[in-house]
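Please keep the sequence and the structure in view while reading.

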Amino acid sequence: MEWLSLLFVAGFVFIHLFSKNMNFLKAVPRSRFLSIAGGISVAYVFLHLLPELGEFQEEVHEEFGGAGEGFLSNHIYLVAMAGLVLFYGLEQMVKNSKRRTAEGKSSSGVFWIHIGSFAMYNGVIGYLMMREEYEGVVGMALFFIALGVHFITNDKGLREAHKGEYDRYGRWLLAAAIVAGWGIGWMTEVHELVIAFLMALIAGGVILNVLKEELPEERESSLSAFVIGMSIYSVLLLSI
């Protein structure tokens, strides 16, 4: 299904490059679509990504007998928690930088660190689009839907944080990172231990980014839309 994975990667690229034209994302009260997207992302993490991390943990534990690797393979959820802390730290760094500038935007150095972390995030997702074992076309489509709506939400937050710099440089880098990740997956297979830990970091990052967008009071998010998105996507995941 290489051609299909490439098609979905092109869809991710399209989202990054053109999400700025989705005017409904700027609405306050918060667009119900964004709350639905948040629910979908949460369902994906808890019903697919975290259980998959558990499977990775068992496989890695069986394969490696070394004391150090055995210890790490039994604590993969700590890596997910570290991912949440990492992305939380990045958000705090951006906020602190914005407070120190008259224009209300982050410094150039902070921008590149923040975007670089999301480029890594996107590269792993591009790789998984190629190398992940899906439950057929439907499974791959559900992966695309979950991460696609998550990217829309992330783009909105990054654009608000970095203003014009995100549109000039950031969105292009994130789009290129997805393609690069897919290309790496097409040319070679990275060791499963590395992928397991990168996936754990991403799981923590997804949780943090969803909650960051949904919880602030000024967002005026819709709980009903969030629950609807989470419920529908959960049913779809559990039915395949």
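A salt bridge is here a side-chain nitrogen of Lys or Arg within 4 Å of a carboxyl oxygen of Asp or Glu, and by this rule the count comes to 4 salt bridges. The model is predicted, so local features need pLDDT of at least 70 and side-chain atom pairs count only at pLDDT 80 or more, while totals for chains, interfaces and linings use all residues. Residues are numbered from 1 along each chain as its sequence is written, and side-chain values use heavy atoms, with hydrogens and water left out.

**A link between separate parts**

- Arg 131 and Glu 189 meet through their side chains in a salt bridge of 3.6 Å, N to O.
- Because Arg 131 lies in helix α5 (residues 108-131) and Glu 189 in the loop between α7 (164-187) and α8 (192-214), the pair ties together parts that are 58 residues apart in sequence; helices are DSSP runs (H or I, at least four residues), numbered from the N terminus.
- Arg 131 is partly exposed at 33% relative accessibility, whereas Glu 189 is exposed at 57% (buried means under 20% relative accessible area, exposed over 50%, partly exposed in between, with a 1.4 Å probe and protein chains only).

- Glu 160 and Lys 156 form a salt bridge at 2.6 Å, N to O, and both lie in helix α6 (residues 136-162), 4 residues apart, about one turn of the helix.
- Glu 160 is partly exposed at 33%, while Lys 156 is buried at 13%.

**A network**

- Asp 167 and Arg 159 meet in a salt bridge of 2.9 Å, N to O, and a network of salt bridges links Arg 159, Asp 167 and Arg 171.
- Asp 167 is buried at 18%, and Arg 159 is buried at 17%.

Technical notes. Helix = DSSP H or I, 4+ residues; strand = E, 2+ residues; numbered from the N terminus.
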